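Q: Could we go through the helix packing and the salt bridges in this one? I'd like the terms spelled out as we go.

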Amino acid sequence: MSNLPSVCIIGAGSSGIAACKALYERGIPFDCIEKSDRVGGNWVFGNRNGMSAAYRSLHINTSRERMEYSDFPMPEWYPDFPHHSHIAAYFDQYVDHFGFRDQILFETGVERAERGADGVWSVTLDNGETRRYDALVVANGHHWDPRWPEPAYPGSFDGAQSHAHHYIDNKPFEGRRVLVVGIGNSAMDIAVETSHVSEKTILSARRGAHVLPKYIFGRPLDQILVNRWTGAVPWAIRKTTLRTMYRIGVGKVEDYGLPRPDHGVGEAHPTISADFLNRLAHGEMTYKPAISELQGDHVLFADGTREEADAIVWCTGYRVTFPFFDDDFIAAPDNDLPLFRRVFHPQVDNVFFVGLLQPLGAIMPLAEAQGRWIAAYLRGEYALPDAAAVAQDIEHERRKMFKRYVASKRHTMQVDFDTYLYDLGRERKAGARRMRERGFALPVAARAARAARAARAGDQVEAPT
């Protein structure tokens with residue numbers, strides 16, 4: 001009887017396959033449940049599961065070298081900022097290279113995941129089948145459930161309304177008066193694209209933003225002044241460096257027609273665009289403040305101006321949801337789910353989250369590190385701090401995050417790429433020391449797995465503590 005727990009991984013997107021690979025290489029038995037007919041999740045344009053937000057022209061906004069998994073480089077012929085088709089192909093190659101495709105159950109969804117009194121998970125699939133697992137890894141993504149304006153703006157609108165999640169290309173907006181609402185990456189990309197074909201494109205946002213270029217000094221911005229020790233450098237020092245580079249390379253966004261941001265560089269999730277500021281400066285699009293009221297075929301803005309519009313594209317973000325959990329069990333109201341280092345749930349010891357973070361940088365290497373951390377825990381190589389220390393750590397992390405970032409539903413799970421990886425490496429070493437000091441070989445989830453299997457076999461064993 002194996003002492004290693006059986007695991008269900010929900011989702012085979014970029015985070016899910018990183019978790020699969022981590023468990024596979026450590027010999028931990030798992031099934032990965034994926035709604036689509038292929039891996040890649042959000043990066044599969046026209047994904048059959050209907051959950052992808054990729055549009056036809058989408059390119060990554062973090063550079064290739066910062067996005068790739070540590071042990072599987074992207075092809076050198078890929079551009080610095082590859083197209084979504086390159087990324088989707090890369091994920092397919094990753095799965096086939098490491099050889100775990102046959103452990104992914106495609107075109108199958110998870111309808112329900114319940115944790116029994118014995119700690120074992122009952123996972124009900126959309127084909128009616130129920131499977132039992134000792135641990136659960138949640139990698140269902142957080143860019144698939146569109147969030148519309150909350151509350152809705154007063155008034156009504158006569159034209160077409162859509163969410164950025166459903167944007168494909170600019171063809172439907174040819175010759176139309178388009179209002180794009182939001183100031184994140186999707187909003188800027190869509191505004192730039194529609195401005196090439198529309199009669200007029202307006203971007204409306206409640207606040208200004210620091211728009212970061214993809215390149216500065218001839219190199220991808222996210223590769224400048226980066227090394228293995230970057231995460232150990234205090235944020236205050238790195239912020240000063242970033243602010244100086246931004247002042248030299250970009251200047252003031254007010255000079256391009258945007259309002260002065262109410263926050264500093266690095267105090268909001270980065271908005272990255274190589275073209276937006278130029279289109280704005282060239283008069284090819286217009287900025288407006290927040291919407292005050294929808295008035296049929298017009299929109300009234302907070303500055304008292306009024307504009308005609310035929311279509312609105314709401315780039316208002318996403319809700320973090322877990323449709324397979326009961327809301328009173330695990331949920332993220334206002335997109336907020338406190339976790340230990342964005343992975344471990346403080347009350348449920350055998351559920352883990354991968355990719356449930358919003359990094360200043362790419363998510364894939366972080367998901368890879370999270371998967372390896374989970375594998376170490378399940379194999380009895382890492383021990384968590386005690387419950388009080390976990391709670392204290394979570395509270396400390398949240399205080400720092402809310403102090404640094406603009407208060408919004410967009411900034412509830414922010415991490416800094418380099419700092420997160422550096423701190424996670426230190427925590428894994430600390431957890432290995434704790435495990436040796438405590439003198440047992442199996443974590444709670446693994447001991448629960450052994451006990452539950454023995455009980456199902458009719459043996460009398462002492463329940464794990």
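A: Starting with handedness, a crossing is left-handed if the near helix is turned anticlockwise from the far one by less than a right angle, and right-handed if clockwise. By that convention, the crossing of α7 and α9 is left-handed. This is a predicted model, in which local features need pLDDT of at least 70 and side-chain atom pairs count only at pLDDT 80 or more, while totals for chains, interfaces and linings use all residues. Residues are numbered from 1 along each chain as its sequence is written, and side-chain values use heavy atoms, with hydrogens and water left out.

Q: At what angle do α7 and α9 pack, and how far apart are their axes?
A: Helix α7 (residues 364-378) and helix α9 (residues 417-438) pack at about 15°, and their axes are 10 Å apart. The two are therefore roughly parallel to each other, a label for angles under 35 degrees, with over 145 being roughly antiparallel, 65 to 115 roughly perpendicular and the rest oblique.

Q: Which residues of α7 and α9 make the contact?
A: With contact meaning heavy atoms within 4.5 Å, α7 contributes Pro365, Leu366, Ala369, Gln370, Arg372, Trp373 and Ala376, and α9 contributes Phe417, Tyr420, Leu421, Leu424, Glu427 and Arg428.

Q: Switching topic, how many salt bridges does the structure hold?
A: There are 33 of them, each being a side-chain nitrogen of Lys or Arg within 4 Å of a carboxyl oxygen of Asp or Glu. In one of these, Lys21 pairs with Asp71, with the closest N and O atoms 2.3 Å apart. Lys21 lies in helix α1 (residues 14-25) and Asp71 in the loop between α2 (64-67) and α3 (84-98), so this pair ties together parts 50 residues apart in sequence.

Q: Is Lys21 buried or exposed?
A: Lys21 counts as buried, at 4% relative accessibility, whereas Asp71, at 29%, counts as partly exposed; buried means under 20% relative accessible area, exposed over 50%, and partly exposed in between (1.4 Å probe, protein chains only).

Q: And what does Asp92 pair with?
A: Asp92 meets Arg38 in a salt bridge at 3.0 Å, N to O. Asp92 lies in helix α3 and Arg38 in the loop between β2 and α2, so the pair ties together parts that are 54 residues apart in sequence. Asp92 is buried, with a relative accessible area of 18%, while Arg38 is partly exposed at 28%.

Q: Which residues do salt bridges with shared partners join into one network?
A: That network consists of Lys21, Glu25, Asp71, Glu368 and Arg372; Arg372 is also among the α7 residues in the contact with α9.

Technical notes
Axes fitted to C-alpha atoms, helices over the stretch in contact; angles between N-to-C directions. Helix = DSSP H or I, 4+ residues; strand = E, 2+ residues; numbered from the N terminus.
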